[in-house]
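This report covers a sheet, a helix pair and a ligand shell. Please have the sequence and the structure open as you read.

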Amino acid sequence: MTNNSLNMPGDLDKKDIISLLSLDNDSDIEMLLKTASKLKIENFGEKFLNYGILTFSNFCEENCNFCGLREDNFSIERYRLNPEEILQGAKSISNLGIKEIILESGLDTFYDTDVISYLIYSLKQSFDFKITLSLGERGFDEYRSWKFTGADNYLLRLVTSNENLFANYHTSGSLEKRVRHLEYLKRQGYKLITGTFIGTPGQSIEDIANDLLTLKTLKPGTINLIPFIPAPFTPFQNKKGIDVKLLIKSIAAARLIMPGTNIIIPPQFDFLGTDDINLGVNSCGNVITTNFSIKSFTTEIPYRSIKSENGLLKNRTKLISKINHDVFSSAILKSNENKFQ
Ligand code: SF4
């Protein structure tokens, strides 16, 4: 490798990052992964954090062009859980020893400020959870109320740092507005979980380098780099999907740029067919997410075992099948049914 980027992690400039993302030779990529792995071990040891994602609604009022949950996608079955079911699900997640819960939905204002506050309050009363909200762009007054009630983190994706791409991927909002929301959340005391897509239509290597540097300036608690996989029945359904090597290089570069920041191992690796290279990737990321949405219990998604030195990732498959037979099996709601009005 001709550059010296690997010798000065945390201090890389755009040129360094572009050169890392452009690596083509397997031995160079391996060296990048080794350096990133070393940094991960230095900062986090051998342990993984496990975030349990409870997707309580897949309704969404937005129409992001890349997302299968977009409002205009009539091909998916929509569901909502009522508060009792959400708390029951949280109990099962807690019983599995998971300490970080992500309450996730599309942008679904059916769950108003008070309902979310009730959930936060109840979760804090009953369980030893750190609570992350992932509810899309909501009102500033809502963010404030939920922080006051006890929410710890907020997951809101930057998506991209390129204004034109942002406009191309969304049918409303703007990059400027998204950054305003992220900054406001931080000012309210939330730790941010945020990230960008890798491999989206029209994205260049330079865009990814800019994205990683922008993420660094946001000082998030956790980074989430999401591989672009075209979702059926969306405007992007026929676009080219992620180049897995680029994803791997991006995660490793993120570790070099932000050595002490939590980085999520994208769960999409489960079905990207990358077993051979998972070990390296796993050792750069330090956060496993386990999705407890109803859809992942009954599903189609072929969750496979993933190789890992300590077997923690393998456990995700077990967790999913365990909870499958737990509370949620009785909680599948009929399409468009609003059970707690
Ligand atoms: S707001 Fe989120 S869930 Fe809704 S369409 Fe956009 S990315 Fe999908």
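## Sheet

Two strands pair if DSSP finds at least two bridges between them. Strands (E, at least two residues) and helices (H or I, at least four) are DSSP runs, numbered from the N terminus. The model is predicted: local features need pLDDT of at least 70, side-chain atom pairs count only at pLDDT 80 or more, and totals for chains, interfaces and linings use all residues. Residues are numbered from 1 along each chain as its sequence is written.

An open sheet of 8 strands runs in the order β7-β6-β5-β4-β3-β2-β1-β8, with parallel pairing. Its edge strands, β7 (262-263) and β8 (287-291), each pair on one side only. Inside the sheet, β1 (residues 49-57) pairs with β2 (residues 100-105) in the parallel sense over 6 bridges. S57 has S105 in β2 as its bridge partner.

## Helices

Helix α1 (residues 14-21) packs on helix α8 (residues 205-218) at about 125 degrees, with the axes 9 Å apart. That makes α1 oblique to α8 (angles under 35 degrees are roughly parallel, over 145 roughly antiparallel, 65 to 115 roughly perpendicular, the rest oblique). Axes are lines fitted to C-alpha atoms, for helices over the stretch in contact, and angles run from 0 to 180 degrees between N-to-C directions.

K14, I17, I18 and L21 in α1 meet residues of α8 including I205, E206 and L213; contact means C-beta atoms, placed from the backbone, within 7 Å. α8 also lies across β5 (191-198) and β6 (222-227), running at about 180 degrees to β5.

## Ligand shell

The ligand is surrounded by C60, E62, C64, C67, L69, R70, G106, L107 and G136.

Methods
Near = placed C-beta within 6 Å. Contact = placed C-beta atoms within 7 Å.
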